Protein chains: 2
Amino acid sequence: MPKWIDHIVVRVNDINQSLEDYETKLGMKASKGPDAIPAMGMTRAILPLGDDGRFIELAEPLGEGGAIGGALERYGEGVHLVALAVDNLAEAAAEMKANGARVIETGAQVFIHPKDGHGVMYQLIERE
Amino acid sequence: MPKWIDHIVVRVNDINQSLEDYETKLGMKASKGPDAIPAMGMTRAILPLGDDGRFIELAEPLGEGGAIGGALERYGEGVHLVALAVDNLAEAAAEMKANGARVIETGAQVFIHPKDGHGVMYQLIERE
């Protein structure tokens, strides 16, 4: 059972412009980035919320064929995913799968298909 | 400065079907609803996350001309807004406005225009 919303990922056209808007207009401050992460096909910046490790992530596509780039082309800027904290990632994934959810496992990452989230892609993330 | 993600509102085509999916497949449990709230133009259900008052809200349009219905028609199901907790609502709104954000005040509710959120409509909500 998810415990809280850990973070959201927002896909953006221009990481520098969006980071400037979030910092200047919304009063947030990036702790990291923008950093290019070629393995994840994105350049990202992390904006912490409070002191508990929760955050908003801004992500601009890097290179061709990544998930962020595809969604940006199709849907424009917006919420790319919502990450929910769970006690035990493997157990939560197995339980949701057993209950009929389309669980997508990519390496160590676990996602729930947006069809089951009714337009929202959820990521499950293990947090104490 | 926002402290955490308090809740998200997910706009859906069918509150009963989406609630069933969230309860059955994702293992969440509604504490309230579905309840018709004509003044807000929606029928909604609240799915708590943990014990701190945070939640996911599912919202189906009710009647004509509401914000949820318009967005559902244009964009389909998905994240309608992301609510960020702040210490003091009036101060946070004034500060963001002074810093150039398009702050939308509707009754006691405060929203940030999705242009400033880069595709995300944020609501600011006062939480201790």
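This is a predicted model: local features need pLDDT of at least 70, side-chain atom pairs count only at pLDDT 80 or more; totals for chains, interfaces and linings use all residues.
User: Which element of chain B gives the most residues to the side that touches chain A?

Analyst: The contact takes 42 residues from chain B and 42 residues from chain A, and 14 residue pairs across it are in polar contact. On the side of chain B, the elements that give two or more residues are strand 1 (4–11), helix 1 (15–24), strand 4 (54–61) and strand 5 (78–86). The element that gives the most, with 6 residues, is strand 1 of chain B.

User: How much area is buried between chain B and chain A?

Analyst: Within chain B, the residues that lose the most area to chain A are B:Ile5, B:Lys25 and B:His118, which together account for 22% of what that side buries. Carbon and sulfur atoms give 63% of the area buried between the two chains, the total being about 3300 Å².

User: How far apart are the closest N and O atoms of B:Asp116 and A:Lys25?

Analyst: The rule finds 2 salt bridges across the interface of chain B and chain A. One of them joins B:Asp116 to A:Lys25, and the closest N and O atoms of this pair are apart by 3.0 Å.

User: Why do the buried residues of helix 1 of chain B line one face of the helix?

Analyst: The buried residues of this helix are B:Ile15, B:Ser18, B:Leu19, B:Asp21 and B:Tyr22. They pack against strand 8 (122–126) of chain A together with strand 1, strand 2 (32–37), strand 3 (42–49) and strand 4 of chain B. They line one face because, seen down the axis of helix 1 of chain B, they fall within an arc of 160°.

How values were computed: Residues are numbered from 1 along each chain as its sequence is written. Chains are lettered from A and ligands numbered from 1 in the order in which they are written. Side-chain values use heavy atoms; hydrogens and water are left out. Contact means heavy atoms within 4.5 Å. Buried area is the accessible area (1.4 Å probe) that two parts lose on being put together, summed over both. A salt bridge is a side-chain nitrogen of Lys or Arg within 4 Å of a carboxyl oxygen of Asp or Glu. A polar contact is a pair of N or O atoms within 3.5 Å; within protein, one must be able to donate a hydrogen and the other to accept it, and residues adjacent in sequence count only if both atoms are side-chain atoms. Helices (H or I, at least four residues) and strands (E, at least two) are DSSP runs, numbered from the N terminus. Buried means under 20% relative accessible area, exposed over 50%, partly exposed in between (1.4 Å probe, protein chains only). The arc is that of the directions from the helix axis to the C-beta atoms.
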